[in-house]
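Please look at how the two chains of this model meet, and at how one copy is related to the other. The paragraphs below begin with the contacts between the chains and end with two individual residues.

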Protein chains: 2
Amino acid sequence: MISNKSEIFPAEQQQAAVYAKAISHPARIAILRFLAESKVCITGDITDAIPLGRTTVLQHLQVLKDSELITGDIDGKRVCYCINSDRYDEMKQLFDELLKKINPINCC
Amino acid sequence: MISNKSEIFPAEQQQAAVYAKAISHPARIAILRFLAESKVCITGDITDAIPLGRTTVLQHLQVLKDSELITGDIDGKRVCYCINSDRYDEMKQLFDELLKKINPINCC
DNA sequence: TCTTTATGTCGTAAACATACGACACGAAAT
DNA sequence: ATTTCGTGTCGTATGTTTACGACATAAAGA
């Protein structure tokens, strides 16, 4: 990459892109759904639920944490991963606005 | 990548991930918005509207075409890019379903 | 104490993404 | 006829992602 020109786009578009990237892998969608379904904040159980190696799952968790869509706080000895509902709501709103703004017209 | 294990996830999650990836770059969001705003199917005008090199924009257009969110048909001598409203609606629906399914609970 | 379990870090290979210049080519303008 | 314009392809450098094994470590259990 010769230069990162991402900074030239509006902040709201950039943030939408960040969230889109976070959910741009089936494993990460699966992780989010798993976290939402298991009302309890689980830890390495995620590894059992997702058909990928432990390290890979951990890596996907890290990507989600980087996007701030989830938190991973140490709760005693176990790590408690859960969805950051503020950020999750922000994502929903950004997507909603974005998708509303884009009104496709079939022209060809 | 040692293996592509994506096929082990449900089709609907995979498709959502494909669309998310398509819009996971600010330039591609900008392109979609530009296509939606310019009611007419434009061609290389996109290059002028997006602050990136012509080849890079073409590449982003190709990514969007691969996701089938846009079409790029040759219309006489000019190429007519426009949003594929069927796919766009499918994306909206998939995102909507997905985001509805995931109900975050702050637990930590 | 020794082992197992849960967790995490590090390294690394292969693939993919991003950005762009150089070149090609046909149609339109001069 | 020659140049320019719109379009596209190819190559290529660099960075990021995905996947996973190997190792580290601290607490729990035998």
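In this predicted model, six residue pairs are in polar contact between chain B and chain A, both members of each pair being at pLDDT 80 or more. On chain B, the elements that contribute two or more residues to the side touching chain A are α1 (11-22), α2 (26-37), β2 (78-83) and α5 (85-101). Of these, α5(B) supplies the largest share, with eight residues. Sorted by class, the side of chain B that touches chain A consists of 29 nonpolar, nine polar and eight charged residues.

The interface can also be described by its extent. The size of an interface is often given as the accessible area lost when the parts come together. Here chain B and chain A bury about 4100 Å² between them, and 73% of that area is on carbon and sulfur atoms. In terms of residues, 46 of chain B are in contact with 46 of chain A. Two salt bridges are counted between the two chains, and one of them joins E12(B) to R33(A), with the closest N and O atoms 3.2 Å apart.

How are the two copies related? Two copies of a chain are related by a rotation about an axis and a shift along it. For this pair, a rotation of 180° with 0.0 Å of shift along its axis superposes chain B on chain A, with an RMSD of 0.0 Å, and that is the relation of a two-fold axis. Within chain B, the C-alpha nearest the axis belongs to A20(B), at 2.4 Å from it. The same surface serves both copies, since 100% of the contact residues of chain B recur in chain A.

Two residues may be examined individually, one in each chain. S38(B) lies in the loop between α2 and α3 (45-49) of chain B, and it counts as buried because its relative accessible area of 18% falls under the 20% cut-off. A polar atom of the side chain of S38(B) lies 2.6 Å from the backbone oxygen of F34(B).

In chain A, Q93(A) belongs to helix α5, which covers residues 85-101. With a relative accessible area of 48%, Q93(A) is partly exposed, because that class takes in values between the 20% limit for buried and the 50% limit for exposed. Although Q93(A) and A16(A) are 77 residues apart in sequence, their C-alpha atoms are 9.4 Å apart in space.

How values were computed:
Residues are numbered from 1 along each chain as its sequence is written. Chains are lettered from A and ligands numbered from 1 in the order in which they are written. This is a predicted model: local features need pLDDT of at least 70, side-chain atom pairs count only at pLDDT 80 or more; totals for chains, interfaces and linings use all residues. Side-chain values use heavy atoms; hydrogens and water are left out. Contact means heavy atoms within 4.5 Å. Buried area is the accessible area (1.4 Å probe) that two parts lose on being put together, summed over both. A salt bridge is a side-chain nitrogen of Lys or Arg within 4 Å of a carboxyl oxygen of Asp or Glu. A polar contact is a pair of N or O atoms within 3.5 Å; within protein, one must be able to donate a hydrogen and the other to accept it, and residues adjacent in sequence count only if both atoms are side-chain atoms. Helices (H or I, at least four residues) and strands (E, at least two) are DSSP runs, numbered from the N terminus. Ala, Val, Leu, Ile, Met, Phe, Trp, Tyr, Cys and Pro count as nonpolar, Asp, Glu, Lys and Arg as charged, and the others, Gly among them, as polar. Buried means under 20% relative accessible area, exposed over 50%, partly exposed in between (1.4 Å probe, protein chains only). Copies are superposed by least squares on the C-alpha atoms of residues with pLDDT of at least 70 in both.
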